[in-house]
Each structure stands twice: as C-alpha cells, then as structure tokens.
Amino acid sequence: MLDLREKRIVVTGGAGFLGQQVVQQLAEAGASAAKITVPRSRDFDLCTLEACQKVAANQDIIIHLAAHVGGIGLNREKPAELFYDNLMMGTQLIHAAYEAGVEKFVCVGTICAYPKFTPVPFKEDNLWDGYPEETNAPYGIAKKALLVQLQAYRQQYDFNGIYLLPVNLYGPEDNFKPESSHVIPALIRKIYEAQQRGDQELRVWGDGSPTREFLYSTDAARGIVMATQDYNDPDPVNLGTNTEISIRDLVELICELMNFEGKIVWETDKPNGQPRRCLDTTRAKERFNFEAQTDFKTGLKNTIEWYRQNAE
Ligand SMILES: NC(=O)c1ccc[n+]([C@@H]2O[C@H](COP(=O)([O-])OP(=O)(O)OC[C@H]3O[C@@H](n4cnc5c(N)ncnc54)[C@H](OP(=O)(O)O)[C@@H]3O)[C@@H](O)[C@H]2O)c1
C-alpha cells in the first residue's frame, strides 16, 4: 500500500463537492494536511498549459477532480465548453505531470462515458461498445479521451496513471444551483421551494422511466483514496453501489422524506437522458477492496438536512 504520510499531493477541484470529501479522506488515510495542495480556478486556470505546469511541479501525486460539470440542462446548453474545458484541463495536466516526474496520477472520469445502450450492469469492458447518450456525449467523450492518454503514457513512458469511473454522486455540499445541478439536488431544491410557496404541484423533467444509480460523495471519496493507495493498473474501474432506482421512485422517495404531498406532473416533452444506469462494481472490490457503505435513505436524509440548513 502506498504510504501517503510524506507524499506531496495535489487535489485539483479539491474545493468542490467531491473534492472536499477527498481532501478529508486523504487526511483520514494518513496524508499530511501541510502537503496537500488545492489549486483554485481563480489562481490556476487548468485549461492553460502554464497553470498545469505550475500545479504539477514538485509533486508526488495528482488527484484530478477539476472539471466543468452539471446536469442535463447544462449539458444541453454548453456542450462546446464542456468538451473543450474538460479535455484541455485533463490532457494538459497529464502531460505536465508526466514531464514533471509525478509518481502517480489519479484521474476521475464519469459514467457519462458509457455507451447509451450499455447492457446493465455496466462493465468496464463495455466502455467502447458504442456512442454515449447524445446529451452528455461531449462531456463523456472528453473525459474518456483521458483514459486513452493515460494508457498510452503508461505504455510508452511507464507513467503510473489510473482511471476511475464514479456513478452519479449525491450528498451534503452538492451543487443546488438550478442552472447546473444534478437530479437529486435539483429535486430537493424544487420540493423545498414548492413547500415554501405552498404549491400543490411539482413539475419534473421527463417521464420518470429512466433508472439511475447514486453513490454518496463520502463513499466515492473513500474509493478514490483507496485506489490512490492500492491500485496501479491501466484498466478503468467503476465506483458505484450496483443498485438502480427509477426516477419515478426517486421522486416519490424524496417527496416522502421531505413530507411533500402535492401532485407530481411529468414534463414528457423534456429529455429523459440515458435510459438506464447501473454499474457492475466487481472490479473495485477485487482490485482494491472498495465497497460503498452508505444506505441510500440515510444519505438522502443527510443531504436534505444539509440543504434545509443552508438554503438561502
Ligand atoms: N457530481 C457527480 O455526480 C459526479 C459523478 C461522476 C464523476 N464526477 C467527477 O468528479 C469530479 C468532481 O465533480 P464535482 O461534482 O465535485 O464538481 P464541482 O463541485 O463543480 O467541482 C469542480 C471543481 O473543479 C474546479 N475547476 C473547474 N474549472 C476549473 C479550471 N478551469 N481550472 C481549475 N479548476 C477548475 C473548480 O474549482 P474552484 O472551486 O476553485 O472554482 C471546482 O471546485 C469531476 O471530475 C466530475 O467529472 C462527478
């Protein structure tokens, strides 16, 4: 196991939703807080090579989480930015890390890289079997290119880069902004605001039929740190729970947990996104013994509670 105590570690995106949890889990795994660096976008725009070179200099490990991310709305509105920013950040940072002699690079990809009609549960070996769901393809493909880059750098330069594929995340501190949030925070906010206004109706995108899998952010962060310590192979690895829930059941569950009793109206003219999402999580268990621990209802209750306390 890699001993983190003396390692100089950069966590790009370390102030973000997942990043804060990763920094905390690194500390719990023995990393020294004084040796962890979190470059902020206002100081280091990682879309530029110069910033990537500065961030990679004199470091042992880079955990790359910085990304331009959002839900289905943002993916529809800004596909060009999502493609360019995520590709440029990742590809230049990997190259800068290789040139700077960084010992290990941990790249966090996305489930949006999987083909639209992947057989469920998604196995890592299915990643290249087809084109991703169109709405999130620019984001998914930009991130998937980084897997190819890391495998090529391993083959030619013996550079130790690993690639993880977390499923949809949720948890406290998530992004609740309507223009860019993912489904769980979007629903929590909508229901909260409907309750504040006394609305008797909740309007939800799509027809409720797609299924999704959700991983609590603390679990995802623990998986990333376990892989940082124990995983050194070129094969990508899913991080998930291997359970799926339909959007219809999810909406009903969140309404129940928030005591919202109004009517749910499905806006069927709005997109559903990918039809099904559920990961095979065998590889993470076999290669570095990762399993998610947080029960879904408990995780949702924590998230709802956090939002209620922090909503403006
Ligand atoms: N959320 C999910 O459901 C999910 C699922 C699977 C994978 N992931 C992956 O997990 C990672 C973290 O996602 P997240 O949800 O935690 O996102 P997030 O909260 O939006 O955090 C992303 C971070 O990236 C940084 N960043 C963005 N553009 C940058 C730039 N040009 N230069 C430097 N830093 C930049 C931001 O730093 P500043 O705060 O300094 O601006 C921000 O803190 C991403 O790689 C994402 O693809 C997320």
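Visitor: Against which elements do the buried residues of α2 pack?

Guide: They pack against β1 (9–12), β3 (61–64) and α4 (79–99). Contact here means heavy atoms within 4.5 Å, while helices (H or I, at least four residues) and strands (E, at least two) are DSSP runs numbered from the N terminus. The model is predicted: local features need pLDDT of at least 70, side-chain atom pairs count only at pLDDT 80 or more, and totals for chains, interfaces and linings use all residues. Residues are numbered from 1 along each chain as its sequence is written, and side-chain values use heavy atoms, with hydrogens and water left out.

Visitor: Which residues of α2 are buried, and which are exposed on the other side?

Guide: An α-helix has 3.6 residues a turn, so residues three or four places apart point the same way. Buried means under 20% relative accessible area, exposed over 50%, and partly exposed in between (1.4 Å probe, protein chains only). In α2 (residues 49–56), A51, C52, V55 and A56 are buried. These residues lie on the same side of α2 because they cover an arc of only 125° around the axis, taken from the directions from the helix axis to the C-beta atoms. E50 and K54, on the other side of α2, are exposed. After the helix comes N58, with a positive phi near 60°.

Visitor: How many residues does the largest nonpolar core have?

Guide: In soluble globular proteins, nonpolar side chains tend to be buried together. A nonpolar core is a set of buried Ala, Val, Leu, Ile, Met, Phe, Trp, Tyr and Cys residues joined through side-chain atoms within 4.5 Å. The largest has 60 residues, and V22, L26, I63, F105, I224 and F288 have the most contacts inside it. A second, separate core of 27 residues includes A194, Y216, I304 and A311.

Visitor: How many aromatic pairs does a search of the whole structure find?

Guide: Rings of Phe, Tyr and Trp (its six-membered ring) pair if their centres lie within 6.5 Å; planes under 30 degrees apart count as stacked, over 60 as edge-to-face and the rest as tilted. The search finds 15 pairs. One of them joins Y153 and Y157 edge-to-face, at 5.1 Å centre to centre and 90° between the planes. Both residues lie in helix α5 (residues 137–157), four residues apart, about one turn of the helix. Y153 also pairs edge-to-face with F159, at 6.5 Å and 65°. Y153 counts as buried at 14% relative accessibility, whereas Y157 is partly exposed at 33%.
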